[in-house]
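Hi,

Here is the structure I promised you. Have a look at it first, then read on for what turned up.

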Amino acid sequence: MADVKKFIEEIKSMTVLELNELVKALEEEFGVSAAAPVAVAAAPAAGAAAAPAVEEKTEFNVVLKDAGAKKIDVIKVVRAATGLGLVEAKGAVEKGGVIKENLPKEEAEKLAADLKAAGATVVLE
């Protein structure tokens, strides 16, 4: 049981990017997916008058598509936003992908704007 607790403590100390790599490696190793199952909504009965309201997304992932010509400036923004060290931030910028996950809309837009100002190509998902 001590090994399980040690493993949990190790996971707690990992960065978001490291956790993402761990999940992908586990998915590949065991042939599974960590995606949550999606329930299929029942079709509305014939004659239903109103369509269901579309919920507005409240949490966003900031995804770095390209660092651009000013990679050093982009690394600085990533370090400030994530708290990563220089080597980890550089690796994250070079790799691209999700920089921060599940951010409120305002915070995600601010980070995306900061990254774009530094010269990066960013999308919110």
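Let's start in the sheet: leucine 64 has valine 122, in strand 3, as its bridge partner. Strands here are DSSP runs of E with at least two residues, helices are runs of H or I with at least four, and both are numbered from the N terminus. Strand 1 and strand 3 run antiparallel and are joined by 4 bridges. (Two strands count as paired if DSSP finds at least two bridges between them.) The whole thing is an open sheet of 3 strands in the order 2-1-3, with antiparallel pairing. Strand 2 and strand 3 (121-124) are the edge strands, each pairing on one side only.

A quick note on the source: this is a predicted model, where local features need pLDDT of at least 70 and side-chain atom pairs count only at pLDDT 80 or more, while totals for chains, interfaces and linings use all residues. Residues are numbered from 1 along each chain as its sequence is written, and side-chain values use heavy atoms, leaving out hydrogens and water.

Now helix 4 (residues 86-95). Which of its residues are buried? They are Ala89, Ala92 and Val93, where buried means under 20% relative accessible area (1.4 Å probe, protein chains only). Just after helix 4, glycine 96 has a positive phi of about 75°.

Cheers

Notes:
Buried means under 20% relative accessible area, exposed over 50%, partly exposed in between (1.4 Å probe, protein chains only).
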